[in-house]
Amino acid sequence: MVDKVAPESEVDTVLVKVASRCNINCTYCYVYHMGDDNWSRMSKFMDSGTIAAMCGSFSQLVSQQEKPFSVVLHGGEPFLLGKRRLFELLEALREVLPERYPISIQTNGILISDEILDICLQFHASVAVSIDGPEHIHDRFRVGHSGEGTFAKVLRGIKTLSKHRGASFLNAGLLAVIDPSSDPLEIYHFFKSLAAPSVDFLCKDGNHDRLPLGKQSLFSVEYGDWMVRLMDQYLSDPEPLPIRVLDDMMKVLLGGAVSKEGIGLTDFGILIIDTDGTVMKNDTLKSSYNGADRFEEPVNVKEGSLIPFIHSEGFLEYKKMQRPVHARCRSCPKLDLCGGGMILHRWSEKSGFDNPSVYCSDQIYLIEAMQNRINKLIERYV
């Protein structure tokens, strides 16, 4: 009889670093510009031996874990694989992962083509595109290796995706990083003009020692104010563009469950498999300090099964990191919604991750505004 994966060890998402290089050079990128140098020691692409070993581990995980898990192809830029390598990778994955196991690809959009999308559709892999807004906003940070803007190329990729015969499945929406100096209404209407099925927003990486760009202090609310203005536009729109972060927060306020890391009190089992097969912690931790995403006792999928590893003390302690330990967080009445935010945003050299999020004030500002708006809507219909 096959031993089942214990609930506390379950994996929700495996992020696969299929390429260690990128065809653009976003100035805020945590992989290349936040102090970590692991990428420089990696092979450019995941090789066939690593793919075979990884798929072997996935096959075991499918048989021993009751809950399906998602696989996200990431980088660098995953479409640098090219058509042949992408086909071989997706074919290998689908040999062990039934279609109820989602496979998605996070891309900067520049290398999207009909041929690439045909391969993705054949193996039931959806595509999400990173774009920060209209050209003058996007090209401020998302630039090429010579400093040139990338907006036109990204937009061309998005249009190719939206016109593809399989777009209703393939198009998984947009991902944007917030620039608090930008106009959230302008960005909202721009994304609606693209007929995107949804959009998600991320705050810029930062911590107590290195504040995120545009944030003046730990107590300022530039990002919170930006999100509140976005939310007001969202709530006033009779046909709103779905915004995942706002939808999840409102769902929790109304008693539902969260589906996004960094919100609520759900512990997510997230693993990263690097280009060489090494299993890593959430790669956003790279922005904290060099090596923050490495396990003390590293494991490689080429050396054995993932099953013993996800039952190990190291993995379980890593999952527990999602819960904040700072006294102010643990006593906060908004913890059930905020969840303490993303782990990387709590870092300081002095006290490690034992801090509130650098976005604590922004989160409280947004949560209180959201509670106020929802209460007024309830009062209107009661």
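This is a predicted model: local features need pLDDT of at least 70, side-chain atom pairs count only at pLDDT 80 or more; totals for chains, interfaces and linings use all residues.
**Exercise 1.** Find where Pro 98 lies, and decide whether Pro 98 is buried, partly exposed or exposed.

*Solution.* Start with the chain: Pro 98 sits in the loop that runs between helix H2 (82-96) and strand S3 (103-107). Next, look up the relative accessible area of Pro 98, which is 31%. Buried means under 20% and exposed means over 50%, so a residue in between is partly exposed. Pro 98 is therefore partly exposed.

**Exercise 2.** Describe the surroundings of Asn 171: which strand holds Asn 171, and which residues is Asn 171 in contact with, leaving aside neighbours within four places in sequence?

*Solution.* Now turn to the side chain: one of its polar atoms lies 3.1 Å from the backbone nitrogen of Gly 173. Finally, beyond neighbours within four places in sequence, Asn 171 contacts Val 127, Leu 161, Ser 162 and Pro 197.

**Exercise 3.** Which residues touch the most other members of the largest nonpolar core?

*Solution.* This core has 105 residues, and the two to pick out are Phe 58 and Phe 191. Take Phe 191 and skip residues up to four places away in sequence: the residues touched include Ile 131, Leu 174, Val 199 and Leu 241. There is also a second, separate core of seven residues, among them Ala 292, Met 342, Ile 343 and Phe 353. In soluble globular proteins, nonpolar side chains tend to be buried together.

Note on methods. Residues are numbered from 1 along each chain as its sequence is written. Side-chain values use heavy atoms; hydrogens and water are left out. Helices (H or I, at least four residues) and strands (E, at least two) are DSSP runs, numbered from the N terminus. Buried means under 20% relative accessible area, exposed over 50%, partly exposed in between (1.4 Å probe, protein chains only). A polar contact is a pair of N or O atoms within 3.5 Å; within protein, one must be able to donate a hydrogen and the other to accept it, and residues adjacent in sequence count only if both atoms are side-chain atoms. Contact means heavy atoms within 4.5 Å. A nonpolar core is a set of buried Ala, Val, Leu, Ile, Met, Phe, Trp, Tyr and Cys residues joined through side-chain atoms within 4.5 Å.
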